Amino acid sequence: MGRCCKCNGRLLCMCLLPCMMTSHLVIYIMVYIFVTMSYSPPKLSIHYIAPGFSANSGTLASHPQSPFWNLRLEDSALWNGLQHVWDRQYNPILRGNMSEIQRKPKANLLSSVEDKCFPSCKLGKCSVPHVHDFDSMPEQLRAFIRSMHCRDYPLLINQPDACSQNNSLGLETPTLLIAVKSQVGNFENRQAIRETWGRSGLVKGELSRKGTVVHTLFLLGRQDSSTGPHPDLKNLLALENEKYGDILQWDFRDTFFNLTLKDLLFWRWLQRYCPNAIFIFKGDDDVFVRTDAVLDYLHKQWEEHILWREYTNDTAALTDLFVGDVISNAMPNREPTTKYYIPESFYKGAYPPYAGGGGVIYSGKLALRLLEVSNRVRLFPIDDVYLGMCLHRLGLSPSHHPGFLTFDLPESERENPCAYRAVLLVHRRSPKEMLTLWKQLHNLPAKCGS
């Protein structure tokens, strides 16, 4: 009887052992599957693009330096979704298989909308992508969304010889090309700029007495009829242009959210008519610029560039120059009553570093690179932010200069001419204030000492 029990116990152990091993294996597999399914990748802080190398990569997009794909992309925001379509299209990893991508139909609404838009840009009848709160948005944002795919607008007034040796001043290609964003009715602002800091011709620096070729142009759209009625100023503008020959005007509505178009269309004009301009100042018509101090600053940058080029044989050391009053870690304004209002349904995420305050300086070579990269960055309704987006796409960041005063001098110092000694740009000044300040600063070094 005892021997039989021992045999049965061994038999039972031999039978149970495989079952126990199998159960342990099943438990292990279930735990592994559970852990795998519960894992999610870390959330990336930048949704719309990965930073790329600053080196020119020809027709291809720059190679991403950090994780490019984000499984948690905010597709609910219109701009982010549209940008993501282009990120996929211009991703250098995918371009090797573009033939397969091109064979696939464009099923994505964000892509198909674009195809319907281009033929009717001028008529403003673009199909609008679906945004759930479109009807509750401010009119200026709705107007921007209707035409945000449109980039081609004809020139109404052109200056094809502005930068050639055959121009009216008989000057060569400018060292500094001043491009001022203005509006049709701002005659007084333009005239004040012509008589003060925006004079075209040979301009001397504050320290350097050698003349530098400066040329000023004013960038205009057409009057916005939606904010009218407005008096017809076409004839006055034609007379102004006939006398000064410094106006560029395109056939698009001149609104706050269309200021981005002025950058884009100006870069195109620059590429065709003035590709050899060394430096560009781009600003608004309500800023005051100490042009002589700007020229001294640029002369110093150029001299340092020459020395660096001789030492390193680097011919492109100055092409990345972009300076202004840099704003970092900025978030979209979500207050509907402000003109900078950007709802979450349109854009999600932080802004890249950008230069604001009414004016920036950058190299002419960089302007041409910005034009190229702008073809891969969706238009954004705030022009300063869009510039930052294009720089970010190039893998560059704007440089901060304390001489660009976005928020003006302290009120107690605004009437003191000597307080402007370290200023390159101050925002804002009326035409009368420009003329007064120009006279006060004419002999600034002598009045304020060394």
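Strands, like helices, are DSSP runs numbered from the N terminus, with at least two residues of type E for a strand and at least four residues of type H or I for a helix. Residues are numbered from 1 along each chain as its sequence is written. Because the model is predicted, local features need pLDDT of at least 70 and side-chain atom pairs count only at pLDDT 80 or more, whereas totals for chains, interfaces and linings use all residues, and side-chain values use heavy atoms, with hydrogens and water left out.

Strands of a sheet pair through backbone hydrogen bonds, either parallel or antiparallel. Strand β2 pairs in the parallel sense with β4 (residues 211-222) over six bridges, two strands being counted as paired if DSSP finds at least two bridges between them. Within this pairing, Ala-179 has Leu-217 of β4 as its bridge partner. Strand β2 is also joined by six bridges to β6 (residues 279-284), and these two strands run parallel; here the bridge partner of Leu-177 is Ile-280 in β6.

An open sheet of three strands has the order β7-β12-β11 and mixed pairing. Its edge strands are β7 (287-289) and β11 (404-405), each of which pairs on one side only. Strands β7 and β12 (residues 425-427) run antiparallel and are joined by three bridges, with Phe-288 standing opposite Val-426 of β12.

## Aromatic pairs and a cluster

The whole structure holds 18 aromatic pairs, where rings of Phe, Tyr and Trp (its six-membered ring) pair if their centres lie within 6.5 Å, and planes under 30 degrees apart count as stacked, over 60 as edge-to-face and the rest as tilted. One of these pairs, Phe-144 with Phe-346, is edge-to-face, at 6.1 Å centre to centre and 75° between the planes. Because Phe-144 lies in helix α6 (residues 139-147) and Phe-346 in the loop between β8 (322-327) and β9 (354-363), the pair ties together parts that are 202 residues apart in sequence. Phe-144 is buried at a relative accessible area of 4%, and Phe-346 is buried at 0%.

The rings of Phe-256 and Phe-257 have centres 5.6 Å apart and planes at 40°, so this pair is tilted. Phe-256 counts as buried at 19% relative accessibility, and Phe-257 is buried with a relative accessible area of 1%. One aromatic cluster includes Phe-144, Phe-256, Phe-257 and Phe-346, with Trp-79 and Tyr-340 also among its members.

## Charges over rings

Lys-339 lies over the face of Phe-256, at 4.5 Å from the ring centre; a charge sits over a ring if NZ of Lys or CZ of Arg is within 6 Å of the ring centre and within 35 degrees of the ring normal. The charged end of Arg-378 sits over the ring of Trp-86, 3.8 Å from its centre.

Methods:
Buried means under 20% relative accessible area, exposed over 50%, partly exposed in between (1.4 Å probe, protein chains only).
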